[in-house]
Amino acid sequence: VTSISTGGSAPATGGADPGTPSPGCSSTAAPATGATIDASLTAGGLTRTYRLSVPTDLVPGEPLPLLFGLNGVGGDGEGAQAAFRLEANHRAIFVYPDSILDESLGSVAWDFDRDGHDFPFFDAMIDELTRTYCVDTDRIFALGVSSGAIMSNRLGCLRGDVFRAIAPASGMSWQDSCTGDVAVLVICGATDSFNPCETDAQGEIDLWTRENGCGAATTPSPLSDLCIEYPGCSAGNPVLLCTHPGGHMWPPEGSELVWDFFLGL
């Protein structure tokens with residue numbers, strides 16, 4: 001395990017725009033690479049753990065996207081990495097954080113409270129990773145399923161000045177006073193009885209179309225025949241709804257769907 005203590009707070013990587021390089025792009029140190037790097041840091045007085053997957057052929061000074069994949073209740077970063085299948089044919093720095101015990105649920109889960117223990121954890125990870133690795137700070141993304149989807153919504157809302165886009169799947173809205181702007185791809189399962197499309201996914205859409213100034217009408221999306229989009233959103237911050245035929249799950253087509261969305265921004 002790589003122990004880190006902090007004191008605070010595709011072949012293609014996203015189009016022709018070189019992006020905004022993080023401080024790590026100027027570092028001469030050789031950071032750890034590999035598909036299964038288990039790391040830890042201290043945030044908010046707690047030791048927290050996460051799984052990293054970093055290309056072994058890092059190019060010095062090449063800013064890569066930074067992507068967070070968030071597990072559902074009872075899951076962990078290792079399981080999220082296996083479930084999301086994000087890494088094939090894509091170059092990015094992938095982060096799969098571990099949530100910790102929620103005693104009220106009797107299981108590990110994300111803390112959605114803006115003053116809870118998870119926002120300092122994400123802030124610390126972003127600070128550490130952008131200093132250690134060469135990250136394109138214009139392309140920091142989050143996605144998740146179930147509880148991880150809700151946490152993705154929360155990160156998009158409360159850290160919209162950091163995250164470029166989010167992709168919650170089988171989640172629900174969690175409203176607050178949002179900061180910044182994010183592009184949003186909401187994914188739902190047509191047979192999901194736990195977080196139904198008609199209520200929970202629609203709640204996410206209602207939140208983000210309001211935040212991004214979108215219209216109520218929908219049009220088919222060129223991203224996929226599973227998706228519709230909402231016209232009139234603020235520049236660079238589209239809102240899409242993609243409905244797959246499955247249930248409460250990360251769909252088989254989810255990885256390529258979100259990559260096409262993220263890299264098209």
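## Ground rules

This is a predicted model, so local features need pLDDT of at least 70 and side-chain atom pairs count only at pLDDT 80 or more, while totals for chains, interfaces and linings use all residues. Residues are numbered from 1 along each chain as its sequence is written, and side-chain values use heavy atoms, with hydrogens and water left out.

## Salt bridges overall

Side chains of opposite charge can pair when their charged atoms come close. Here the term salt bridge means a side-chain nitrogen of Lys or Arg within 4 Å of a carboxyl oxygen of Asp or Glu. Searching the whole structure turns up ten salt bridges. Asp57, Glu62 and Arg91 are tied together in a network of them.

## A link across the chain

Arg114 pairs with Asp176 in a salt bridge, with 2.8 Å between the closest N and O atoms. That pair links distant parts of the chain, 62 residues apart: Arg114 is in the loop between strand 7 (107-109) and helix 2 (118-132), and Asp176 is in the loop between strand 9 (165-169) and strand 10 (183-189). Helices (H or I, at least four residues) and strands (E, at least two) are DSSP runs, numbered from the N terminus.

For the cut-offs, buried is under 20% relative accessible area, exposed is over 50%, and partly exposed is in between (1.4 Å probe, protein chains only).

## Two more pairs

Within helix 2, Asp127 and Arg131 sit four residues apart, about one turn of the helix. Their salt bridge has its closest N and O atoms 3.3 Å apart. Asp127 is partly exposed at 30% relative accessibility, and Arg131 is partly exposed at 40%.

Asp136 and Arg139 also form a salt bridge, at 2.4 Å from N to O. Asp136 is buried, with 1% relative accessible area, and Arg139 is buried at 9% relative accessibility.

## Around Asn237

Asn237 is found in the loop between strand 12 (227-229) and strand 13 (239-244). It counts as buried because its relative accessibility is 7%.

Which residues does Asn237 contact, leaving aside its neighbours within four places in sequence? They are Arg164, Asp181, Val182, Ala183 and Asn212, where contact means heavy atoms within 4.5 Å. The side chains of Asn237 and Arg164 are joined by a polar contact of 3.3 Å. A polar contact is a pair of N or O atoms within 3.5 Å; within protein, one must be able to donate a hydrogen and the other to accept it, and residues adjacent in sequence count only if both atoms are side-chain atoms.
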